[in-house]
Amino acid sequence: MATTYPSAAPGFGKRTAPSQSPRSASDFAHLPEREAYLAQFIDRLPEGAAIDIKTLAREQPRYGQQAVRKALTALCEAGHLWRELEKVGDGVTRWVRRTFFSRTPRTESWWKSLVNSRRTGGTTPPEPGPPPRSEAYRALAELGNANAKLMLSAKDCEALEPLAAEWFARRVSLEQFLHVLTNDLPHSVSAPGPFVRKRLVDKIPPEPPAAPATIPRCAGCRAPVPHSSALCPRCLSTPKAVAEPPGVRARLIAEVRAVARTARERTARERGGRERTGRQRGGGP
């Protein structure tokens, strides 16, 4: 393919971006089938190959000009392709389009830095790490893996992120989110972004019910009361036990035992006196 594919005029055609990741089978797995096919096709073309719409449509067997045009636009949105208008010529000025391709997706700011560095002879700054993404953004990005018909671009995910965040604010799990959004899809989805937006609006679940208020309970018997520091009428009418000073109970017990012992002794003396009196009356010894 590299020896027979047509080249563009000098200075035009494919320009490969620097600092790309090594080629692997999963380079374009995040893209829809058409975009992934064309991205892989362009990735294997040599530097300077013609990658305009007409040439690509003629040189690969699957897609015509209209499909190629849409696919290239999608590759720009996904960060793999950058098309820049540049002013050239001395005296008579004209504008030409330079096209850059990167196997590794790049941000818009990185592409602009690359183009400026080429013009000024500077160095291209390294690609910054991806910013942390919210649960809603990650769920939208996961839709394409759950069903390829709903493959969203990065711009789609950013635009729909607030709508998806409302789902998760209503305690929807990721599994529930993916099931509702990908369930019962039509035969084809030509515009995943607007389609997902409509589903996010039309199928959002209701807000969860408020948590039931805690019922105040009486501290004495746990019966319902107006507020947490109150006692129920029954507990309010029950006399409170008076706290005993230390040692009172022991002294009371000792006194009761002493009284009982004295009573027993007095009873024993009285019984002994009656027995002696009886013997005397009976003439006994």
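Predicted model: local features only at pLDDT ≥ 70, side-chain atom pairs only at ≥ 80, totals over all residues.
If you trace the chain from the N terminus, the order of elements reads β-α-α-α-β-β-α-α-α-α-α-α-α. So much for the parts list; now for how the chain is put together. Take the contacts between residues at least 6 apart in sequence: 58% of them link residues that are at least 24 apart. As for burial, 29% of the 285 residues count as buried. The protein exposes about 19,000 Å², and 54% of that comes from carbon and sulfur atoms.

Now zoom in on helix 6, which covers residues 154-169, and helix 7, which covers residues 174-182. Two packed helices are described by the angle between their axes and the distance between those axes. For helix 6 and helix 7, the angle is about 125° and the axes lie 10 Å apart. Angles of 65 to 115 degrees count as roughly perpendicular and those over 145 as roughly antiparallel, so helix 6 and helix 7 are oblique to each other. Their crossing is right-handed.

Which residues in helix 6 and helix 7 meet? On the helix 6 side they are Ala 164, Trp 167 and Phe 168. Helix 7 brings Leu 174, Phe 177, Val 180 and Leu 181 to the contact. Sorted by class, that makes seven nonpolar residues, with no polar and no charged ones.

How values were computed: Residues numbered from 1 in each chain as written. Heavy atoms only, no water. Axes fitted to C-alpha atoms, helices over the stretch in contact; angles between N-to-C directions. Helix = DSSP H or I, 4+ residues; strand = E, 2+ residues; numbered from the N terminus. Parallel < 35°, antiparallel > 145°, perpendicular 65-115°, else oblique. Left-handed = near helix turned anticlockwise from the far one by under 90°. Contact = heavy atoms within 4.5 Å. Nonpolar A, V, L, I, M, F, W, Y, C, P; charged D, E, K, R; others polar. Buried < 20%, exposed > 50% of the residue type's maximum accessible area, 1.4 Å probe, protein only. Areas by Shrake-Rupley, 256 points an atom, 1.4 Å probe, with all protein chains shown as cover.
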